[in-house]
Every structure is written in structure tokens, then in C-alpha cells.
Amino acid sequence: MATLNVAGVTKRFGTTQVLHGIDLDVTDGEMIVIVGASGCGKSTLLRIVAGLETATTGSIRIEERDVTALEPAERDVAMVFQNYALYPHMTVFQNMAYGLKIRGRSPEDIRRRVAEAAGMLEIQHLLERRPRQLSGGQRQRVAMGRAIVRDPKLFLFDEPLSNLDAKLRVTMRAEIKRLQRRLGVTSLFVTHDQVEAMTLGDRLVVMHQGRAAQIATPMEIWSHPADTYVAGFIGSPSMNFLPGVMEAGAVRLETGLLLPVSAPLADGHKVTLGIRPEHLLIGNGGLTLAVELLEPLGGETVVHGKLDNGTTVVAKVPTGSVPGDTLGVILPLDKLHIFDAESGLRL
Amino acid sequence: MLEKRSLWPYLWLGIGVLIFAFPIYITVIGSTHDISTIGRGDVPLLPGGHGVENYSAAWAGGAGRFTTTPAAVMLVNSLLMAVLIAAGKIAISLTSAYAVVFFRFPFRMLAFWLIFITLMLPVEVRIIPTFQVMVNLDMTNSMAGLVVPLIASATATLLFRQFFLTIPPEYVEAAKIDGAGPMRFFKDVVLPLSVTNIAALFVILFIYGWNQYLWPLLIVNDRSLETIVVGLTKMIGTGDAQNEWNVIMATAVMALLPPVAVVVLMQRWFIKGLVETEK
């Protein structure tokens, strides 16, 4: 159990700048999910915290101890890899015990800790098997077990669920969260899956092009996204974006609709209005969509449509409520997000 | 995979076996006849009654007419040489491949290519300078002189390098986080994973070592260090003297057995290894 402080971490591979100064303070026992599209630098950040990469500049402190220059083993962290990285020639027991053995723990101590972790993960009956005799979910548990037995200051998860099938992923997700709560170990969890991020994290770090676009709780990110990238990345289906111009203290959309949304901007300033598909209401007097595609999900249907000017709009409405080829939707003012069209930042 | 049962494969296999096995059969049969039978130019196809005396003559004293080294001594020499060459080659190439694959150091690729280039320089090509070096080091007429010049192997280094490249980098990272240093990782992870490759290479390298002819012929004059392959050819005299073909054939059969044993034993072992380990 420990705090983690990442301060001004940058990383450069040759001429490519991968991280542009990341600051992150994690409190004791917190679960932080780092989420972003591939290539945004999220794995690099995790590997720098683990000590597998060195930061070009900046520092890492674990429990107020500067570990920037330390080897991974000296940082007292445990990592769960995407492909689990279980040693194929060792049994499950040996895999879990290896880190303890190297640290010179006594055989009784090792046996006790492994048994305890195995009990927690319900893999006691697998201890004598080899990794190749295990299913994906079981391997995942063993990889977790290998991290737990060490009783580390920090858990690092590098997309540990992406090799599992959809159903198992949901189960393991819940299990990871339960375990993390129970053990109270400070954790960093890297994923590209926004559902995983929303459900697992106490706080999220949304990464975009080597920067932390927003660091906040899942609900804060969902309800107050810091910029258009975060707004479009979190939430499914993605938020709709409508270009508009400020006009007499309100926003004039390209379709001609004038929305009385106040923003302290001069007339003629270009903005982007954002609205989530689930917030669009059926009704006349707003926008008219030419329906292109319906995706029934059961109780709800996702409607893909186009405005006159060609902008694509997605709406999530109750199934059976789409009358025909066109659909009128209204935009509730309190659900609108206004972003600066140029910088993409929230206004 | 299995098609309708046909006799053709068996026929072809039978012909193949016959072509390969017949000379060996002649040798085995020849080693059980007395000197005069073969001396007359007969090629007997059925075993004779002098097997025990031929083999004991070869084992203990060599062919009577020429005072040669007993086969027992030569077999021990060959065995020692082949095992040392195979083990040495594996040890050196394992460690050098480990260094090239898992470490980042200046001139790493240069080192690798230098090793690679030696593929083009087998012993036969560099035999004069190698001999000179051995003489200067005063290593002629010794087991070390037999083994050391043959002990570095670019082929094995290359093979191990290719294998190490297939080991997922996550194992290295997991080991780093577990706190295993480079030697520990080598011993606990790389070596156990390489067992099947080591077994396969051992077979090939043992036979390579066993069959060495030119180098042992050159570096060793002391007959007590003679290897069986060299000794065997020395038994065949030139000139008027009649060769004791029966004893020579008995020696040849004995020279065949250790490599055959290695192939048979190790094959079982590495097939077992192939089945059991998996990444």
C-alpha cells in the first residue's frame, strides 16, 4: 500500500516524443485506469512506473521514495502482462513462488503465501499444472496470483483482459475490482477499452498523443469531458458533434437552428456543440435526421442519421419509436457541451 | 494423412534400407571370419565362427601385424573428444547467443557478425595457422589440443540466437520484476526452455566431433591419444603387407556403435522434450 507520484515524466524514443510531461498523484489504495487509443503512450507510462523503461525527464516516487533510478525489482511493484508471461516450464506453484524464492523467503513462508493467494483466486486445484494446461481465464488468475503473493506496494496491469473472450472479460473485470478493493493495493490499470475503464477506475487518466487529456473520476469525465477528444472517446455510441457559430449570446448551428446556450464569447466565434446520443429526445422543432441505419439493441435502438448539411448524428431511442425515414430530435439545453472549435477545449 | 494401404512405400523403403544397410552388414559379417577367408577375396554373407577372437584382438591389441593402439583406448579417446567438443560448443554458443540477444552493448551486432563470418572458416581452411598456434602454445599431443580449436561454433550460436529471439520479451520483463538477475534468468528460464534445442544440437555435434579426422591426425603423434577414426585408417597398411581385414572390420563396427547409441538415446530424449515443453 502506497502513494504514487508521477511528476513531469517525458519519454523520447530517438526523435519521437512519446510522452509530453505527465503529472499524476495517486493516493493510497486508489485504482487508476489509464485509457486511450493505441499509440497514445499509455503502456509506455506504465512501463516507466514499473522501471522497464527509463523516463527521459521527470521523476517517479512510490510511497514518497524516489525510485526513478531504481531497477524494477527494487521498486516493489508487481505487474500483470497482457499475455500473462507465465514461465511455461514451471508449474503454477513455481510460477507464483518464483519472485518470493529469489527474494530468499523461507519455503514455509512461500507455501503459506501461495496457498493464501491461490485460495483468494480459487486456483488451489491448479497449483501442480503447467500454464499450457490452463484455459485463458485460469492463466489470467495465475498471473494475478503471481502479483498478489509478493504483497507489493503497487499493482500494474497492462491490458490484462484483452486476451480473454467477451464474457470472461466481464467476469474477470469484476473480480479484479473486488480483489483490488479487498487488498487495498494502489493500482494502475492500462486499457484501450472504455467500458473497462469506466467500471474499474476510481479515477481515469484519458491519454491522447502523449498527454493526459483529463484526469478525473469516470462520472466527471462522462459528464464534463475536458475536450472534444475525451468527449468522443468516452461513451458509447460516441458523442455527436455539431459545428456552430456564436450569435448574440447564443449558438447558431449550421442547419440554421439557434440554441440559447450562453457562453462568454464574441459573436462569430466558432464552437462545437456536443450531445450524447442517449440525451437526444424525439420531438419536432429541433433537428431532422434522414435515417440511414437502425441498430436494435433490445429495449433501445441506435439510430444513425444525417442532417441536411451531411453531419452524421447518432441517437439512442426506445425501440419502436422511429416512425419512418426521418426522425425529429430535440436537444435538451442542459445536456449540451460547448467546446471551442479551434482548440477543442471545453468552454 | 494415411491413404489406402499400398505396398509401394514399403517397397521403396525396403530398397533404401538395403542400399544403406548392406555395406554395414558385409562389415559385421566380415568381422566374424578369419583372416584367410577375406584374404582370398571371398565376400561371405553368413556369419563365421571367429567373431570373439577378432573382437578381443581388436579391443585389446589392434591388428597383430602392425602394432596399433588397442581399440579400447582409441574408443575412450574418441568418446572424450566428441563429448568435450559437443559440450564445449554448446556451452560457448549458449552464452554468446545469450549475450547477443538479451543485452544491449556497443558493437553487439559487430560481434555477432564476426562470429557469423567464422562459418566460412572451418578447420580445414585455417589448419596451418591453427596448427602453428597450437605448437606455440605447446598444446600438441594433448586432449586440449584436440578439442580447443574445434570448440567454437558459429552454427550453434546462430541456432541459439534464432531460438532466443522467439522467447517473448515479457519473460525477461517478468523476471526483472520478480528480481531475477541476468544469470538467474539464464539458469531458471532460458536454459530449461532450450533443453530440446540443446539435445538436438548435442547429437549433431557429438557426431561431428566423433568423425573428426584431419585435425586429430595432425595434432597428435602420441599413439595413446589416437582417436578411433584415425586409428582405423592407420590399420590399413600400404604396400605388400596383407591387411588383417577381419580385425579392421571388427574395429570399424566398434567405431560405429557410440554415435549410433547417442542418436538412439538422445532421440528418445528430445522427442520427449518436444512433446512436453511448449511456449
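## A buried strand and its surroundings

Tutor: In this predicted model, Met79(A) stands opposite Leu156(A), a residue of strand β7(A). On the side of β8(A), the bridge partner of Leu156(A) is Leu188(A).

Next come the pairings of the strand as a whole. Strand β6(A), residues 77-80, pairs with β7(A) over four bridges, in the parallel sense. Strand β8(A), residues 186-191, also runs parallel to β7(A), and five bridges join the two. In general, strands of a sheet pair through backbone hydrogen bonds, and the pairing can be parallel or antiparallel.

The side chains of β7(A) point two ways. Leu154(A), Leu156(A) and Asp158(A) point one way, Phe155(A) and Phe157(A) point the other way, and all of them are buried. Since five of the five residues in β7(A), residues 154-158, are buried, the strand is largely enclosed by the rest of the structure.

Arg181(A) forms a salt bridge with Asp202(A), with 3.6 Å between the closest N and O atoms. Arg181(A) lies in helix α5(A) and Asp202(A) in the loop between α6(A), residues 194-200, and β9(A), residues 203-208, so the pair ties together parts that are 21 residues apart in sequence. With a relative accessible area of 53%, Arg181(A) is exposed, whereas Asp202(A), at 26%, is partly exposed. Other salt bridges share partners, and these join Glu63(A), Asp76(A), Arg150(A), Lys153(A) and Asp178(B) into one network.

That network includes a residue of chain B, Asp178(B). Asp178(B) forms a salt bridge with Arg150(A), where the closest N and O atoms are 3.8 Å apart. Between chain B and chain A the count is two salt bridges. The polar contacts between the two chains come to eight residue pairs, both residues at pLDDT 80 or more. On the side of chain B that touches chain A, α9(B), residues 169-178, and α10(B), residues 182-210, each supply at least two residues. The largest share of that side, eight residues, comes from α9(B).

The contact as a whole takes 24 residues from chain A and 19 residues from chain B. About 2000 Å² is buried between the two chains, and carbon and sulfur atoms give 60% of this area. Of the area that chain B buries against chain A, Glu173(B), Ile177(B) and Asp178(B) supply 35%, more than any other three residues.

Arg112(A) and Glu116(A) meet through their side chains at 3.5 Å, N to O. Both lie in helix α3(A), residues 107-121, four residues apart, which is about one turn of the helix. Arg112(A) is partly exposed, with a relative accessible area of 47%, and for Glu116(A) the value is 47%, again partly exposed. The other pair is Arg47(A) and Glu53(A), with 3.3 Å between the closest N and O atoms. Arg47(A) counts as buried because its relative accessibility is 17%, and the cut-off for buried is under 20%. Over all chains, the count comes to 21 salt bridges.

Chain A also contains an open sheet with antiparallel pairing, in which four strands follow the order β2-β1-β4-β5. Its edge strands are β2(A), residues 16-26, and β5(A), residues 65-66, each of which pairs on one side only. Two bridges join β5(A) to β4(A), residues 57-62, and these strands run antiparallel. In that pairing, Ile62(A) stands opposite Arg65(A) of β5(A).

Definitions and conventions: Residues numbered from 1 in each chain as written. Chains lettered and ligands numbered in written order. Predicted model: local features only at pLDDT ≥ 70, side-chain atom pairs only at ≥ 80, totals over all residues. Heavy atoms only, no water. Buried < 20%, exposed > 50% of the residue type's maximum accessible area, 1.4 Å probe, protein only. Pairing = 2+ DSSP bridges. Contact = heavy atoms within 4.5 Å. Buried area = accessible area lost by both parts, 1.4 Å probe. Salt bridge = Lys/Arg side-chain N within 4 Å of Asp/Glu carboxyl O. Polar contact = N/O pair within 3.5 Å; in protein donor to acceptor, adjacent residues only side chain to side chain.
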